[in-house]
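Subject: Structure for your review

Dear colleague,

Please find below the structure that I am handing over to you, together with its sequence.

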Amino acid sequence: MYDVAIVGAGAAGLTAAIYAGRKKLKTVLITGPNIGGETNSTNDIRNYPGYEGSGPELMKKFWEQAKTWGAEVIEDTVGNIKHTKHFTLTLSNGKQLEAKTVILAYGRERRKLNIPGENKFFGRGLSTCTTCDAPLFSNKITAIIGGGNSAVEGALELARIASKVYLVHRREGFRADEVTVDLARKEPKIEIITNHVPVEITGEKFVRSLVIEDINTKKQRTLDVNGVFSEIGWETHTAMVAGLVDTNVVGEILVNELTHTRTLGLYACGDLTHIPHKQTVISAGMGAVAALEAYRFVTVGKN
Ligand code: NAP
């Protein structure tokens with residue numbers, strides 16, 4: 001019986017492991033191969049207090065520090081979590097673990113375009129993080145796909161750096177805030193193309209063009225671009241905790257300010273929660289709170 005099972009080893013999960021270890025909780029950390037999580041996809045971090053450098057380097061420090069506090073690490077994924085008196089976690093290899101508390105910290109996944117060229121050009125002109133990679137496209141021609149706040153704000157960010165930005169959205173109406181869309185409409189470097197879906201990314205070593213298709217006429221058009229940004233949202237997977245958590249309309253886990261879900265002893269922290277600002281420092285802070293709450297539950301018996 002573990003005191004706490006932490007699912008996921010990004011900024012939230014690794015911080016939870018440090019705090020749980022320091023409280024001498026019997027801790028197991030279950031993680032897939034991407035130790036460090038979403039922070040690994042950022043090469044230039046300047047907003048994590050006390051640190052400036054690459055995301056993977058920062059996460060390596062988190063990982064080394066977490067390991068010194070003694071959590072048992074299992075490399076696997078969790079299939080499902082059941083709650084009776086305690087929690088039972090079933091791993092994908094069929095093994096089962098028992099824990100008094102569980103901290104969910106496995107993040108979320110970027111939605112994929114599922115078009116030809118997506119895998120080939122990822123990191124070679126195709127980016128899924130405008131904030132991270134826009135500075136690489138100074139005076140280049142770019143396209144950004146999506147109609148939410150990430151895409152429209154991303155287009156504005158790109159317009160400050162790139163020479164031209166196509167904003168390609170599959171519908172007429174935008175999901176992004178109206179004021180942001182208005183700013184994009186007024187920005188001369190941005191050309192908004194609605195009612196078009198991306199169908200292919202082409203190039204040789206690097207992106208050369210984005211092929212898009214009119215959803216009504218099915219006519220295709222090739223945009224000659226140096227870079228493509230896919231900002232089409234995220235998916236949070238919660239099937240493993242079905243019945244144990246509440247979610248918002250976009251599927252994120254609802255938590256209170258102490259990271260409690262609706263099940264006693266089950267905490268959630270980082271990007272899989274409804275907390276809007278998906279930032280490493282915020283995930284780390286939430287991971288600390290979750291571990292301290294788990295400690296309180298294990299020692300006092302209630303939160
Ligand atoms: P989002 O709101 O889910 O928007 C995703 C966009 O991508 C939608 O316009 C969607 O089209 C489009 N899309 C989805 N799948 C597609 C596909 N296969 N091909 C082409 N287009 C596709 O995601 P987000 O913009 O990343 O925002 C996520 C959350 O963070 C939102 O709640 C957002 O408001 C918030 N956010 C807030 C701020 C801020 O407040 N400053 C900044 C960024 C994000 P449809 O519209 O047709 O579904």
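Contact, as the word is used in this message, means heavy atoms within 4.5 Å. Please bear in mind throughout that this is a predicted model.

With that meaning of contact, I begin with L126. This residue is placed in strand β10, which comprises residues 126-127. Leaving aside neighbours within four places in sequence, L126 is in contact with E118, F121, I201, V207, V228 and S230. L126 has a relative accessible area of 4% and is therefore buried. The C-alpha atoms of L126 and F229 are separated by 5.8 Å, although the two residues are 103 residues apart along the chain.

Domains and cores

The domain assignment of the chain gives two parts: domain 1 covers 2-108 + 236-300, and domain 2 covers 118-230. The C-alpha centres of domain 1 and domain 2 are 33 Å apart.

The largest nonpolar core has 55 residues, and those that touch the most other members are I81, L89, V102, I103 and L104. Helix α1 (residues 11-22) gives the most to this core, namely 7 residues. A second, separate core holds 17 residues, among them F137, V152, L158 and F229. As for I81, its contacts beyond four places in sequence are V7, F87, T88, L89, V102, L104, M240, V241 and L244.

G79 is found in strand β6. With a relative accessible area of 43%, G79 is partly exposed. Once neighbours within four places in sequence are set aside, G79 is in contact with T90, L91, S92 and M240. Between G79 and T90 there are 5.5 Å from C-alpha to C-alpha, and the pair is 11 residues apart in sequence.

K85 has its place in the loop between β6 (78-83) and β7 (87-91). At a relative accessible area of 73%, K85 is exposed. K85 and K100 are 15 residues apart in sequence, and their C-alpha atoms are 8.2 Å apart in space.

A buried loop residue

Not counting residues up to four places away in sequence, T39 touches A11, I45, G55, P56, M59 and T280. With T280 there is also a polar contact from side chain to side chain, at 2.9 Å.

Helix α6

Helix α6 spans residues 178-186, and its buried residues are T180, V181 and A184. These residues cover an arc of only 100 degrees around the axis, so they lie on the same side of α6. On the other side of α6, the exposed residues are E178, V179, L183, R185 and K186. The buried residues of α6 are covered by elements that include α5 (149-159) and β13 (190-193).

Ligand surroundings

Which residues come nearest to the ligand? There are 14 residues around the ligand, and N149, S150, E153, R171 and R175 come nearest. A polar side-chain atom of S150 is 2.7 Å from an oxygen atom of the ligand.

Positive phi angles

Two residues may deserve a look in the backbone geometry. K24, in the loop between α1 and β2, has a positive phi near 60 degrees and is not a glycine. K24 counts as exposed, at 73% relative accessibility. N139 also is not a glycine, and its phi is positive at about 60 degrees. N139 lies in the loop between α4 (130-133) and β11 (141-145), and is exposed with a relative accessible area of 60%.

With kind regards

Methods:
Residues numbered from 1 in each chain as written. Predicted model: local features only at pLDDT ≥ 70, side-chain atom pairs only at ≥ 80, totals over all residues. Heavy atoms only, no water. Domains from an automatic or database assignment. Buried < 20%, exposed > 50% of the residue type's maximum accessible area, 1.4 Å probe, protein only. Helix = DSSP H or I, 4+ residues; strand = E, 2+ residues; numbered from the N terminus. Arc of directions from axis to C-beta. Core = buried A, V, L, I, M, F, W, Y, C linked by side-chain atoms within 4.5 Å. Near = heavy atom within 4 Å. Polar contact = N/O pair within 3.5 Å; in protein donor to acceptor, adjacent residues only side chain to side chain.
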